[in-house]
Amino acid sequence: MKKLTLVLLFLLASILAVGCSSSSSSESKGKDDKVYTLKMSTQQAETSPIVKGFYELADRLEEKSEGRLKMEVFPSAQLGSDDDVIEQAEQGVNVAVLTDGSRMGLYVKDMGVIGAPYLADNYEDVLKITQGDTFKTWEKALADEHGIRVLSFNWYDGPRHFLTNEPIEKPEDLKGLRIRTPGSPVWQESVKAMGATPIAMPWGDAYSAVQQGAIDGAEAQHTSTYPSRMYEVVKYVNKTGHFQLINGIIVGEKWFSTLPEDLQTLLLEEAKAVAEVNAKEIAAMQAELEDKLVAEGMEIVEPDVEAFKKAAEKAYDVLGLTKLKDQIHEEMGK
């Protein structure tokens, strides 16, 4: 009897062991241990505050994925122009790029309104835009029609101002000045409406272009102006605050779909969470950056912002964005 009991106990233990082994094997097979790598591209310099956020995101992705999802950061356009990297992303290459609404407007036209002048007054305003129903339809169109996946669009880089070698107090003062700005239609038309001649070129070329006299200035946010040492070639920061620069990280839908579901969720959640913290830090450091520019010899001009707002309305008319602007403002409660 005792021997029979021992045999039964042995058989029961064997069954349980096989069951556990089978379960463990099943879980092992269900978990993808493959390592995925994403290359993060930006024109921003290594010292830019927003790039600091990318490194933080990289650390969190690797830690929370237990090494299964790694992100490598490539600042200063090391991987090429934004347009080149976006094209690679569309083709399924494992690249991400920091972009803006104006550039995405080349794919989904209405999205370009995010880059229109004086659409928003601060970070809180632009955040409302990216959380609204209209923005969600743009995100869906990017994915469905162009194979572009938005990871997060709450990366803030501050207001943009005109950088020149003569003070700008009203739109008429920009007449005849060649001002560097990105090549998207919205930004080109906006700069033109405010009085300048827009010149499209990569940000990395702006310093030498001013130095050589190819352009008369640029328009940029403090977080780019200071790290790029623009204070060495321009004298004035004219605080028009014409664009509130909200950015997004995008990847190709083809590459994104290769990720296991848990890594897709992790990437989306962490991109938004890190961006929120980074954006608040950047919003809080505007005065500090301005002090640094002044310490380097730049002068701050407080122009007639209302005059610039009035002049900028022409851009909305030319681009056919007036009704959309009103729709966005209604969603924002403005």
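How do the residues of the lining of the largest pocket divide into nonpolar, polar and charged? They come out as 10 nonpolar, 9 polar and 7 charged, where Ala, Val, Leu, Ile, Met, Phe, Trp, Tyr, Cys and Pro count as nonpolar, Asp, Glu, Lys and Arg as charged, and the others, Gly among them, as polar. The model is predicted, so to speak from the record up: local features need pLDDT of at least 70, side-chain atom pairs count only at pLDDT 80 or more, and totals for chains, interfaces and linings use all residues. Residues are numbered from 1 along each chain as its sequence is written, and side-chain values use heavy atoms, with hydrogens and water left out.

On a 1 Å grid over the protein atoms alone, a pocket is an open set of points with protein on both sides within 12 Å along at least five of seven lines, a cavity is a set where a 1.4 Å probe fits but cannot get out, and lining residues have an atom within 4 Å of a point. Points are joined across faces, edges and corners, and the volume is what probe spheres set on them fill. The largest pocket holds about 460 Å³. Its lining has 26 residues, and Gln 43, Asp 82, Arg 103, Arg 180 and Pro 182 are the closest to its centre. At least two lining residues come from each of α3 (82–90), β3 (95–100), β4 (148–164), β7 (217–221) and β8 (236–252); helices (H or I, at least four residues) and strands (E, at least two) are DSSP runs numbered from the N terminus.

The second largest pocket has about 240 Å³ of space. Thr 130, Gln 131, Phe 153, Asn 154 and Lys 272 are the closest to its centre, out of 15 lining residues.

The largest cavity, at about 40 Å³, has a lining of 8 nonpolar, 2 polar and no charged residues. Among them are Ile 114, Tyr 118, Val 126 and Phe 243, and β8 gives the most, with 3 residues. The second largest cavity also has a volume of about 40 Å³, and its lining includes Asp 100, Ile 114, Trp 187 and Phe 243. Here β8 supplies the largest share, 4 residues, while the classes are 5 nonpolar, 4 polar and 1 charged.

Leaving aside residues up to four places away in sequence, Val 113 touches Leu 119, Trp 138, Tyr 316, Leu 321, Leu 324 and Ile 328, a contact being heavy atoms within 4.5 Å.

The buried residues of α11 include Leu 263, Glu 270, Val 274, Asn 278 and Ile 282.

Definitions and conventions
Buried < 20%, exposed > 50% of the residue type's maximum accessible area, 1.4 Å probe, protein only.
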